[in-house]
Amino acid sequence: METAIEAVAAVDLDRALLGRLAAGDRSALPGLMERHYRRLYRVLLGYLRQPDDALDAVQETFVKVVEHAARWNPQAEPASWLTRIAVNHAIDRLRRRKRWAPREQPLFEGDHASSLGSDDPSPDRRVYAREVSERLGRALQGLPERQRAVFVLRHYDELSLEEIASALQMSLGTVKSSLHRALVQLRRRLGSLRP
Amino acid sequence: MIFEHLRLRRRVGLLAAGALEPREEPAVRAHLERCPRCRSEFDELRLLVEAAAADPLRAAEPELPLPVLVELVERRVEQALASPRAERAWRWGLGLPAAALATLLVALAVPRVVPRLVEGPRPTPVALKVGADSVARLERTLAREQTARYLGEARQVLVGVAAAPPLCRRGGQEWDVAEEARRSRELLERRAALTDLAGEHAPSAGRVLNDVEGLLREVAALEDCSRTEELRAIQARLSERRLLMKLELVERELAG
């Protein structure tokens, strides 16, 4: 568990790295990526549901971070700013995917299966979790963009509602109602989840 | 009861999501005791939240190691900066004003400088003296540049193998690494010429060169269409040794 001091130090380090990037020092990029690429990959995977797409999106996110670093407001939370870029990119990407190539590949076939970890030792539970994950992915597709983003940030990145509000530049009230609506819609689309 | 239900309904979802403020929780829990409909909805939403928590995607790791991702991002940044859009932005943002300023300076300076050039004394030819030290320094510089170039090319080959090359046309899960294997063979042929020069002036370069040589031999030995496991083995060794990172550092060291 991260202590408050560690959290402050982490934010300071992020600020320093982003500050260097904003000043045109690209040697800050590996450090910034090391600190955030896993988290952003999981957010993007939760949103896009396809590992290849998420991997490409995480690269594009960091390209945008470099391109727009000069516009970063040093008062803003660095992690929220990175998350916002990632989510906006995921939204654009999904729009393009829907517009040009409405294809959905099965998530758990082929080589990607090995990269999806699970701490559950029971094969039955793993199979069940995967089935539910696929159903969840399909149900998420039907959600409005912002509801989907709020749900993913809450349940795949474990952000607090305040952090989600900061990342998506929404009011706290909007985040709360979006999360509630997302849950209710998903439950309707998924039907009963009782095993 | 109806007003209470309407007021607390939205909070039932937040409670299920673990996002309700602690001070609001007792009232919502009390309502759940009294309202079977909300209780049932809460139970279903909890199952949904638990399903999301158990989603294997939450534990998924990126397929590529960090150094490869960094390399790929840096390449994309280079491409983005070199794209016509960036060029246009530069032209309109900085280029045109700079060009206008340069033209103005030339217009102002030329009338003053040209007569002086015309009237001034002709330069006397000076004999060029090059000492042995200068030659040695030049050789060292060339050697460092040559090694840095070699390592840069090796890095590109290794990144090409690690960053999922295209699939072979003949189908199946085999990857087209013909180009990488060919370039590895070429680089291995050039390696011998570097041996004496690199280690002497940049000690860390010698170790990295040896590691790179080992991996290039593996890439050179790959079939044109290689299986995923063979590429994974090379990716794993790259990652274990943090070779791409080291390569970048040595390249910088050599470049001074």
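Analyst: A quick definition to start: a residue is buried under 20% relative accessible area, exposed over 50%, and partly exposed in between, with a 1.4 Å probe and protein chains only. This is a predicted model, in which local features need pLDDT of at least 70 and side-chain atom pairs count only at pLDDT 80 or more, while totals for chains, interfaces and linings use all residues. Residues are numbered from 1 along each chain as its sequence is written, chains are lettered from A and ligands numbered from 1 in the order in which they are written, and side-chain values use heavy atoms, leaving out hydrogens and water.

User: Thanks! What makes Arg232(B) buried, partly exposed or exposed?

Analyst: Its relative accessible area is 33%. That lies between the cut-offs of 20% and 50%, so Arg232(B) is partly exposed.

User: Why is the pair Glu63(B) and Arg232(B) called a salt bridge?

Analyst: The term needs a side-chain nitrogen of Lys or Arg within 4 Å of a carboxyl oxygen of Asp or Glu. Here the closest N and O atoms are 3.1 Å apart, so the pair qualifies. Glu63(B) sits in the loop between α3 (36–53) and α4 of chain B, and Arg232(B) in helix α10 (residues 228–240), so the pair ties together parts 169 residues apart in sequence. Helices here are DSSP runs of H or I with at least four residues, and strands are runs of E with at least two, numbered from the N terminus.

User: How do you know whether Glu71(B) and Arg155(B) are buried or exposed?

Analyst: Glu71(B) has 10% relative accessibility and Arg155(B) has 13%. Both values fall under the limit, so both residues are buried. They also form a salt bridge, with the closest N and O atoms 2.3 Å apart. The pair links distant parts of the chain, Glu71(B) in helix α4 and Arg155(B) in helix α6 (residues 132–162), 84 residues apart.

User: What separates Arg95(A) and Asp92(A) along their helix?

Analyst: They are three residues apart in helix α4 (residues 78–100) of chain A, which means about one helical turn. Arg95(A), at 39% relative accessible area, is partly exposed, and so is Asp92(A) at 33%.

User: How do you know what span to expect for helix α4 (residues 66–82) of chain B?

Analyst: The expected span is 1.5 Å times one less than the number of residues. For these 17 residues that gives 24 Å, and the end C-alpha atoms are 24 Å apart, so the two agree. Buried residues of this helix include Leu66(B), Glu71(B), Val73(B) and Ala80(B).

User: What makes a group of residues a nonpolar core, and how many residues has the largest one?

Analyst: A nonpolar core is a set of buried Ala, Val, Leu, Ile, Met, Phe, Trp, Tyr and Cys residues joined through side-chain atoms within 4.5 Å. The largest has 116 residues, and Phe62(A) and Leu151(B) are among those with the most contacts inside it. Helix α2 (residues 29–48) of chain A gives the largest share, 11 residues.

User: Which residues does Phe62(A) contact?

Analyst: A contact is a pair with heavy atoms within 4.5 Å. Leaving aside neighbours within four places in sequence, the partners of Phe62(A) include Leu29(A), Met33(A), Tyr37(A) and, from the other chain, Val73(B).
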